[in-house]
Amino acid sequence: MRSGAPSGRRDKQPTLPIIIFGAALRADGTPSPALQHRVQAAVQFGARQHRPLYLVTGGVPRNGLTEAAVMRDLLLAAGVSSENILEDPAATDTFDSTVNCTKILEKQGFSGSTIALSTSAYHKPRCLLLMRLAGWTVQAVPFPFPVTGRNTKLRTLLRIGHELIASVWDAFLVICWRIVR
């Protein structure tokens, strides 16, 4: 993890953390369209904020790169200062991202703050639910991109089914984590 939160004068302190949830990398370590869109949505949203702090999360490596590292590079290429980027390179799923990002943001002094989430439209309800269960006030980053990949009725039903089941399971895990924490 990089601790890139600026210190010093109050006007240099980031005001809004934006978590960008990872998506699988291609086999060669390049970003998938879904990952590129999540970063683009966050950058577009962040451009309208005063000193946003981007927290990229995703640790499933491909070709020696994690999702977080690839997202950091995309943010840097978009002109975001490295001081305004934090990484969670360890999360292997959405539950891990929820826990790790909560710990990182609390350590950075953002407890009680509103945070923003950038992820694909189909993944957004689960991420919003989990971060709210973790104790955050959350807003969604607008996501103006279409679903990528095969978009058949069966694929859509499978994606919805997966998200419903994963939402229930991950919500249970977050509640348990908060109890034992």
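**Close-up 1. Contact between helices H1 and H2 in the predicted model.** In this predicted model, the H1 side of the contact is formed by Leu-35, Gln-36, Val-39 and Val-43, which meet Glu-67, Val-70, Met-71, Leu-74 and Leu-75 of H2. By class, the residues of this contact comprise 7 nonpolar, 1 polar and 1 charged. The two helices, H1 spanning residues 33-46 and H2 spanning residues 67-77, have axes that come within 10 Å and cross at roughly 45°. H1 and H2 are therefore oblique to each other, and their crossing is right-handed.

**Close-up 2. Packing of helix H3 against helix H4.** The axes of H3 and of H4 (residues 124-133) lie 10 Å apart, and the two helices pack at an angle of about 40°. That angle makes H3 oblique to H4, and the crossing of this pair is right-handed. From H3, the residues Thr-94, Thr-98 and Thr-102 take part, and they meet Arg-126, Cys-127, Leu-130 and Met-131 of H4. Sorted by class, the contact of H3 with H4 holds 3 nonpolar, 3 polar and 1 charged residues.

**Close-up 3. Packing of helix H4 against helix H5.** Here the axes of H4 and H5 are 9 Å apart, and the helices pack at an angle of about 10°. Because angles under 35 degrees count as roughly parallel, H4 is described as roughly parallel to H5. On the H4 side, Arg-126, Leu-129, Leu-130 and Leu-133 contribute, whereas the H5 side is made up of His-162, Glu-163, Ala-166, Ser-167, Asp-170, Ala-171, Val-174, Ile-175 and Arg-178. The classes represented in the contact of H4 with H5 are 7 nonpolar, 2 polar and 4 charged residues. Arg-126 and Leu-130 of H4, which meet residues of H5 in this view, also belong to the contact of H4 with H3.

**Close-up 4. The largest pocket of the predicted model.** By class, the lining of the largest pocket divides into 14 nonpolar, 14 polar and 9 charged residues.

**Close-up 5. Helices that contribute to the lining of the largest pocket.** At least two residues of the lining are supplied by each of H1, H3 (94-107) and H5 (153-180). H5 gives the most to this lining, with 7 residues.

Conventions: Residues numbered from 1 in each chain as written. Predicted model: local features only at pLDDT ≥ 70, side-chain atom pairs only at ≥ 80, totals over all residues. Heavy atoms only, no water. Axes fitted to C-alpha atoms, helices over the stretch in contact; angles between N-to-C directions. Helix = DSSP H or I, 4+ residues; strand = E, 2+ residues; numbered from the N terminus. Parallel < 35°, antiparallel > 145°, perpendicular 65-115°, else oblique. Left-handed = near helix turned anticlockwise from the far one by under 90°. Contact = heavy atoms within 4.5 Å. Nonpolar A, V, L, I, M, F, W, Y, C, P; charged D, E, K, R; others polar. 1 Å grid on protein atoms, 1.4 Å probe; cavity = no way out; pocket = protein on both sides within 12 Å on 5 of 7 lines; lining within 4 Å. Points joined across faces, edges and corners; volume = space filled by probe spheres on them.
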